[in-house]
Every structure is written in C-alpha cells, then in structure tokens.
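Please keep the structure in view while reading.

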Amino acid sequence: TLAGEYSFSLSLAFGLLFLGVVARGLDTGRRRGLAAVLLAVTALCHIVPAIFVGLVALLFTLGRLVHLDGHRLRFSFNRLWWAVTAGLAGLAIIGFWVVPFVAGLPYTSSLGFTPITAYSEYMFLPGLTAPLVLGSIGAVISLVRRSRTGGLLLTMAMAAAILIRFDPAKALYNARFLPFWVLSVYLLAAVGVTELV
C-alpha cells in the first residue's frame, strides 16, 4: 500500500506538469515532445493519475478547439493536431508496458474493492464547505474572464467528478479519484481567494 501511495504521488506530480504543458502547448504549438514524455512518465509511475490527467487533457482540449475570432467561431485544427500527436506519442512510449499489462489482466486477482455509491457524502464533506464556496467563486470568475488556468482547474474538478460517479465498469475503485476532486476544489478555492483579494 505504501509503495502504491508513493508512486501515486509521483504520478500526480508529473501529471500536473503534463497538464501545464498541455494548457500552454495548445496555445503556442510548442513542447509536444515534452508533453508526450510527461504523459508517459505519469502512466509509468501509476495508472490511476494517468487516467485522470488523460481525461482532463481530453476535456480541456475539446473545450479549446472552438474559439472566437472577432465575431466568428473558428475550429482549431492546429490544437487538435498538437493534442492528438502528443497523446499518441505518449501512449507509444509506454507501449512496452501497456501491451503486456492489458494482455495479462485476465490473470490478475481482484483487490476486492467495493465502489462508493454515496457520492455526495464523500464529495461534499463538511470540512470542504468553505473551499467549495470559494472554489465556486473562482470557477465563475474564471469562466467570466476566460482564464486558461481557472478553466483547466474547473476541467480537473469536472473530470474527477465524472470518474467518481461513472467509474467505467467499477474496475478502478472510484474512491481513488477523490484526491483529485479535493485537490481541484482547493486549487479553485485559491483562485477564488486571489480574485476576491
């Protein structure tokens, strides 16, 4: 368990760096190779944070594909190409691990996790009330100002909520995604405090 916690933490650290490179790279078109390597390192450290940051990157990219240019909406093929090539390169790097992992899944034993179903009890704990309020303020201000940072953090919160609620096939033990929810709430709360000050 402790070994898993260390690798989970390392993976999350690399995953946050990956998301920062993605947020910047979608605008500049640069550092695609760095994004691919960071995604690969994230996945090689621990698969759960890699799933999370992969979903965040996907949702964030989809949100950035259409942008307002003057009075017209435009679709950005450059952003799509940057994201697809960075993602595929990252997956190609970890192919040596993913292919045997997927092939060996039928031979693994179940960890016996029971998914949580009382979502609101876990996601809206009494100790999270103030951060949730401040995080909501941060999210609204970020949307109004079209802040890239706030938008990425809001996407992180949405991705965590999706993974907690709709854990595919209940195979990943959805409680493992709660740390991402709490992290996203606190980071959005920091944005809210900053904007209020």
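F77 is found in helix α4; helices (H or I, at least four residues) and strands (E, at least two) are DSSP runs, numbered from the N terminus. This is a predicted model, in which local features need pLDDT of at least 70 and side-chain atom pairs count only at pLDDT 80 or more, while totals for chains, interfaces and linings use all residues. Residues are numbered from 1 along each chain as its sequence is written, and side-chain values use heavy atoms, with hydrogens and water left out.

**Nonpolar surface patch**

- F77 is exposed, with a relative accessible area of 60%; buried means under 20% relative accessible area, exposed over 50%, and partly exposed in between (1.4 Å probe, protein chains only).
- F77 belongs to a nonpolar patch on the surface together with V66, L73, F75, L80, V84, L88 and L91, and the patch has about 780 Å² of accessible area.
- Accessible areas come from the Shrake-Rupley method with a 1.4 Å probe, and for residues only the protein chains shown count as cover.
- Patches are made of residues with over 30% relative accessible area and no salt bridge, with like charges joined within 9 Å and nonpolar side chains (Val, Leu, Ile, Met, Phe, Trp, Tyr) within 5 Å.
- A salt bridge is a side-chain nitrogen of Lys or Arg within 4 Å of a carboxyl oxygen of Asp or Glu.
- At least two patch residues come from each of β2 (72–75) and α4 (77–93), and α4 gives the largest share, 5 residues.

- I164 lies in α8 (residues 148–165) and is buried, with a relative accessible area of 0%.
- Beyond four places in sequence, I164 touches I116, Y119, M123, N174, F177, L178 and W181; contact means heavy atoms within 4.5 Å.
- The C-alpha atoms of I164 and Y119 are separated by 7.6 Å, although the two residues are 45 apart along the chain.
- F18 is in contact with A35, L38, L39, V53 and A57, leaving aside neighbours within four places in sequence.

- S7 is found in helix α1 (residues 2–28) and is buried, with a relative accessible area of 17%.
- Not counting residues up to four places away in sequence, S7 touches C45 and H46.
- The buried residues of α2 are A35, A36, L38, L39, A40, T42 and A43.
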